[in-house]
Amino acid sequence: MLLEVDHLVKMYVRQGKQFRALDAVSFSLEKGSWLNIVGESGSGKSTLSRLVCGLEKPDQGKIIFEGMDVAGLSLRQWRERYRKVQMIFQNPIASFHPRYPLLKSIRLGMENYRVSLEPGQFEQLMEECHLTPALLERYPHEVSGGECQRAACLRALCLSPELLVCDEVTSALDVSLRLEIGELLRNLVRHHHIACLFVTHDLLLARKLGGNLIVLQQGSIVEKGRTEDVFQSPREPYTKKLIDSIL
Ligand SMILES: Nc1ncnc2c1ncn2[C@@H]1O[C@H](COP(=O)(O)OP(=O)(O)OP(=O)(O)O)[C@@H](O)[C@H]1O
Ligand SMILES: [Mg+2]
């Protein structure tokens with residue numbers, strides 16, 4: 001198993017009171033598998049993404065990555081984990097350094113993790129992301145949201161990750177591009193056998209992309225299963241409501 005999330009609890013303070021943004025969330029993810037995470041605004045999707053990436057620590061529960069409890073990792077192991085778990089964000093333009101051409105940011109990421117690719121491998125990855133050298137010479141503000149998101153995919157892929165955490169990566173894009181970026185990611189992770197945690201508001205997109213699905217409601221998992229099975233026969237009223245709202 002690549003990732004095991006065991007009874008995660010994350011507390012925040014709201015209006016002076018503590019509340020559980022995540023409440024005993026458990027699931028596991030096999031190498032190379034695809035997991036959609038859906039749920040209404042405030043249900044804890046981004047909190048879960050940040051915890052899985054190690055950007056925040058849980059208050060209770062465990063995250064086991066490649067068989068090791070991440071709470072007990074050494075500094076060197078944390079570094080490896082940061083390389084192996086890459087995050088792609090909602091706003092691709094803000095995720096790149098504004099004063100560097102895209103290529104420079106991508107190269108800096110690789111240098112930071114001391115990653116070197118085989119000859120020709122970078123060009124191959126660039127093609128897979130439908131990017132060109134000329135486009136990568138541009139600055140983030142000189143490319144479209146879709147192009148920039150493809151560059152973010154390339155930046156992540158160049159680090160040979162084991163897991164991609166994608167938090168609403170299609171939400172800031174034009175509707176016509178959402179499926180394109182979703183499918184691009186789906187194909188990339190399939191080809192490179194990378195696991196993906198795909199957080200989305202877009203239930204139709206989640207259904208198209210397949211894999212497994214988790215439904216979060218107020219910090220708890222209320223339903224999980226094969227994506228198509230959940231759509232065909234949702235067990236929970238909350239899931240039914242979510243599905244009905246898009247049909
Ligand atoms: N740093 C924080 N401090 C306090 N409360 C927070 C913090 N981050 C998130 N929250 C609260 O935790 C809950 C879950 O937030 P989260 O961002 O994980 O939801 P989400 O499912 O990603 O929502 P959305 O679909 O709007 O992105 C919300 O009530 C939010 O207001
Ligand atoms: Mg969110």
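Biologist: How does the lining of the largest pocket split by class into nonpolar, polar and charged residues?
Modeller: This is a predicted model, and in it that lining has 10 nonpolar, 4 polar and 1 charged residues.

Biologist: How much space lies in the largest pocket?
Modeller: About 300 Å³. Closest to its centre, out of 15 lining residues, are Y82, Q86, M87, F89 and Y113.

Biologist: Which elements each supply at least two residues of that lining?
Modeller: Strand 6 (85–88), helix 3 (102–112) and helix 6 (145–157).

Biologist: OK, switching to ligand 1. Which residues come nearest?
Modeller: R14, S41, G42, K45 and T47, from 15 around ligand 1.

Biologist: What are the distances from its oxygen atoms to S41 and K45?
Modeller: An oxygen of ligand 1 sits 2.5 Å from a side-chain N or O atom of S41. For the side chain of K45, the distance from a ligand oxygen to an N or O atom is 2.7 Å. The protein buries 66% of the 640 Å² that ligand 1 exposes when taken alone.

Biologist: And which element gives the most to the shell around ligand 1?
Modeller: Helix 1, with 4 residues. By class, the shell has 4 nonpolar, 7 polar and 4 charged residues.

Biologist: Last one: how much space lies in the second largest pocket?
Modeller: About 150 Å³. Its lining includes M1, F27, E30, N212 and K224. Strand 2, strand 9 (212–217) and strand 10 (220–226) give two or more residues to that lining.

Key. Residues numbered from 1 in each chain as written. Chains lettered and ligands numbered in written order. Predicted model: local features only at pLDDT ≥ 70, side-chain atom pairs only at ≥ 80, totals over all residues. Heavy atoms only, no water. Near = heavy atom within 4 Å. Polar contact = N/O pair within 3.5 Å; in protein donor to acceptor, adjacent residues only side chain to side chain. Areas by Shrake-Rupley, 256 points an atom, 1.4 Å probe, with all protein chains shown as cover. Nonpolar A, V, L, I, M, F, W, Y, C, P; charged D, E, K, R; others polar. 1 Å grid on protein atoms, 1.4 Å probe; cavity = no way out; pocket = protein on both sides within 12 Å on 5 of 7 lines; lining within 4 Å. Points joined across faces, edges and corners; volume = space filled by probe spheres on them.
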